[in-house]
Amino acid sequence: MIDATCQKILDKVHDYARENYIMILADECEVVLRRLFEENSPKRVLEIGTAIGYSSSVMALMSDCIIDTIEKDNERIKKAKELWKALGIEERINSFEGDSKELLPQVVKDKIYDFIFIDGAKSSYKNQLEFLYPYLEKGGIVLCDDVLYLGLVRGQEKVIHKHRTIVKNMREFLDYIQNSKLFESTVFEEGNGIAVVRKK
Ligand SMILES: C[S@@+](CC[C@H](N)C(=O)[O-])C[C@H]1O[C@@H](n2cnc3c(N)ncnc32)[C@H](O)[C@@H]1O
């Protein structure tokens, strides 16, 4: 449960993000995220894609966890830090600025996570999941937002050029999680498509 004062601050940031077209997780994904936190109380969390700190704040308020979060946009990180401070959770969140592709190896070195939220570069979900396998505890959960990307991933229509790589890679990612012996997974159609993946 998040207390009413913190929830009010979160609501303001949620509305600000929606009004200003800043990407934060879909509302349907937030429902799944909160449920997973209620059921599992993760302790060591990795997030790829901080944006302005909305989802990391929800996670830090839902459980007594420590979060490593990666973001390439410096202006968004500044906003995230203001939000964490306002909520009094800044000491439990480690922010890393840069491209996740380059930063991931040093961020995760010698660490084991029990919860990973993949919400950054949409073309890299499969590569990131494969790379992160050794850094995820057995039974650990990976949550991924936007896996049906604008409804195009399961659509039959021709995908326009600018979305083609993401859609192709997302299809490969879904195929991978659904057929992998390393993970069990559930894909929800709600919102922009949500994948919940658990390490066997
Ligand atoms: C959907 S938003 C994240 C929303 C955030 N998880 C939330 O729900 O509050 C995706 C973020 O990932 C960042 N991003 C995209 N590609 C990235 C990359 N290669 N490395 C680091 N950050 C990246 C974008 O700048 C953007 O802020």
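1. A residue is buried if 20 or more other C-beta atoms lie within 10 Å of its own, exposed if 12 or fewer, and partly exposed in between, with C-beta atoms placed from the backbone. A51 has 22 C-beta neighbours inside 10 Å, so A51 counts as buried. This is a predicted model: local features need pLDDT of at least 70, side-chain atom pairs count only at pLDDT 80 or more, and totals for chains, interfaces and linings use all residues. Residues are numbered from 1 along each chain as its sequence is written.

2. Where does A51 sit? It is in the loop between β1 and α3. Helices (H or I, at least four residues) and strands (E, at least two) are DSSP runs, numbered from the N terminus. A51 also has a positive phi of about 50°, although A51 is not a glycine. Most residues other than glycine have a negative phi.

3. D110 is another residue other than glycine with a positive phi, near 65°. D110 lies in the loop between α5 and β4. With 5 C-beta neighbours inside 10 Å, D110 counts as exposed.

4. Next, the ligand. The shell around the ligand holds 18 residues, and L25, G49, A51, Y54 and S55 come nearest. A residue is near a molecule if its C-beta atom, placed from the backbone, lies within 6 Å of it. By class, the shell has 7 nonpolar, 4 polar and 7 charged residues. Here Ala, Val, Leu, Ile, Met, Phe, Trp, Tyr, Cys and Pro count as nonpolar, Asp, Glu, Lys and Arg as charged, and the others, Gly among them, as polar.

5. Now the sheet. It is open, with 7 strands in the order β3-β2-β1-β4-β5-β7-β6 and mixed pairing. Two strands pair if DSSP finds at least two bridges between them. β3 (93-97) and β6 (183-188) stand at the edges with a single partner strand each, so one side of each has no neighbour in the sheet. Neighbouring strands are turned by 15° against each other on average, direction ignored. Axes are lines fitted to C-alpha atoms, for helices over the stretch in contact, and angles run from 0 to 180 degrees between N-to-C directions.

6. Both pairing senses can be seen. β1 (residues 44-48) and β2 are parallel over 5 bridges. Within that pair, L46 has D68 of β2 as its bridge partner. β6 and β7 (residues 194-199) run antiparallel, joined by 6 bridges. There, F188 stands opposite I194 in β7. The hairpin of β6 and β7 has 5 residues between the strands, and G191 takes a positive phi near 60°.

7. Which strands does α3 lie across? They are β1, β2, β3 and β4 (113-118), and α3 runs at about 175° to β2. Helix α4 (residues 74-87) lies across β2 and β3, at about 170° to β3.

8. Last, the core. A nonpolar core is a set of buried Ala, Val, Leu, Ile, Met, Phe, Trp, Tyr and Cys residues joined through C-beta atoms within 7 Å. The largest has 51 residues; I116, I118, V142, C144, V147 and M170 touch the most other members. Helix α7 (residues 161-179) gives the most to this core, with 6 residues. Leaving aside neighbours within four places in sequence, C144 is in contact with I118, Y125, A195 and V197. Contact requires C-beta atoms, placed from the backbone, within 7 Å.

Methods: Contact = placed C-beta atoms within 7 Å.
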